[in-house]
Amino acid sequence: MICALASSVCFGAASVLQAMGARATTPGTGGGVDIALMWRVLRQWRYLAGLCADGLGFVLQIVALRTLPIYVVGAALAASLAVTAVIASRVLRVRLSRVEWTAVGVVCAGLALLALASGKEGHEEGPGWLPWALLASAFGVLLLGVVGGRLPAKPRALVLGLGAGFGFGVVEVAVRLIDGIDLADPVWYALLVGGGAAFVLLTSALQRGSVTTATAGAVLGETVGPAIIGVVWLGDTTREGLGWLAVTGFAIAVAGSLTLARFGEPPETEGRPTETGPATTAGAEGAGAGGAGTGSAPGPASGPSPGHDHGTGPDRGQGGS
């Protein structure tokens, strides 16, 4: 559980850096998924720092997935939004409303319930078709990105976010199925394709659409599906008689994270409108004091709200995951 929570902290911090780097990058032409965008954002030091934090978070995520049920790890990764919100309130001096502070507490309560109710990690390999289904799902994420990139702005953000979440979900399940290095095992290719596609889709969503909407989609995509797979096919269990408590804790943690979805929105320049309202001078000054919005990279300075990854984003998430 410690590794899962530490992974969440890494992804939460990385989300701020990655979203700032994505928004500071010159967008390409058109409204679809921009593959060349990845090359451009890699020139941003803040995005690179976020990737380093993501790398550490991913290692911790692997350890957690090999020792805990998937539903516990998924909820912990979704909680990276709470980490991002707390970092924003302290470092960037972003003001959280009472509802948002309550949501942070709700996320913590949900994780506590999960910790009390979770059983042992399952050791079942699942049906023989599951690795191939994961690989097909990974390529499905790529197809979803192509289709979603052609949609209007509002549905595009949700579709790209969901696609990124599905990709990170593929990674979560693949990590559990991997048993040694075997290049003939489709699970390895599912992990690589799913993870890569998820990063491309989430980066495009961070720059091109409503990141709040995309973040909510990513949280749902990377938590619900893998949790069901873990329980139904991989043998994840709860403590005897506490299944209801695990379901309650999972739902509470994810719901609280969705309430904090606006913290997927990267900082804005002073005077530039955001999803939650116009930027404020106080917000810009607070962000400057935190130091996260400084630097020579072109693009928006720090403003009223930070960015997100599952997770990722990464997240993971993303987170990410």
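1. Helix H5 (residues 80-90) is mostly covered, with 8 of its 11 residues buried. Buried here means under 20% relative accessible area; exposed means over 50%, and partly exposed lies in between (1.4 Å probe, protein chains only). The buried residues of H5 are Ser80, Leu81, Ala82, Val83, Thr84, Ala85, Ala88 and Ser89. Helices are DSSP runs of H or I with at least four residues, strands are runs of E with at least two, and both are numbered from the N terminus.

2. A word on the source. This is a predicted model, in which local features need pLDDT of at least 70 and side-chain atom pairs count only at pLDDT 80 or more, while totals for chains, interfaces and linings use all residues. Residues are numbered from 1 along each chain as its sequence is written, and side-chain values use heavy atoms, with hydrogens and water left out.

3. Overall fold. The protein has 12 helices and 2 strands. Along the sequence the pattern reads α-α-α-α-α-α-α-α-α-α-α-β-β-α. Of the 321 residues in the protein, 56% are buried.

4. Helix H7 covers residues 130-148, which makes 19 residues. Its end C-alpha atoms lie 26 Å apart, which agrees with the 27 Å that it should span at 1.5 Å a residue. The expected span is 1.5 Å times one less than the number of residues. Buried in H7 are Leu130, Pro131, Leu134, Leu135, Ala138, Val141, Gly145 and Gly148. Seen down the helix axis, the buried residues of H7 fall within an arc of 160 degrees, so they line one face. That arc is taken from the directions from the helix axis to the C-beta atoms. An α-helix has 3.6 residues a turn, so residues three or four places apart point the same way. On the face of H7 turned away from the buried side sit the exposed residues Trp132, Ala136 and Leu143.

5. Helix H8 (residues 153-177) has 25 residues. From first C-alpha to last, H8 reaches 36 Å, close to the 36 Å expected at 1.5 Å a residue. In H8, 19 of the 25 residues are buried, so the rest of the structure largely encloses this helix.

6. Contacts across the sequence. Val193 belongs to helix H9 (residues 186-208) and is partly exposed, at 21% relative accessible area. Its C-alpha is 5.7 Å from that of Ala138, 55 residues away along the chain. Ala138 is one of the buried residues of H7. Ala6 is in helix H1 (residues 2-23) and counts as partly exposed at 27% relative accessibility. Ile228 is in helix H10 (residues 211-232) and is partly exposed at 47%. Its C-alpha is separated by 7.8 Å from that of Tyr71, 157 residues away along the chain.

7. The largest pocket has a volume of about 360 Å³. It is lined by 18 residues, and the closest to its centre are Glu125, Arg176, Leu177, Ile178 and Asp179. A pocket is an open set of points on a 1 Å grid over the protein atoms alone, where a 1.4 Å probe fits, with protein on both sides within 12 Å along at least five of seven lines; lining residues have an atom within 4 Å of a point. By class, the lining has 6 nonpolar, 4 polar and 8 charged residues. Asp, Glu, Lys and Arg count as charged.

8. Cysteines. A search of the whole structure finds 0 disulfides, a disulfide being a pair of cysteine sulfur atoms within 2.5 Å. Cys3 is partly exposed, with 26% relative accessible area. Cys108 is also partly exposed, at 47%.

Technical notes:
Points joined across faces, edges and corners; volume = space filled by probe spheres on them.
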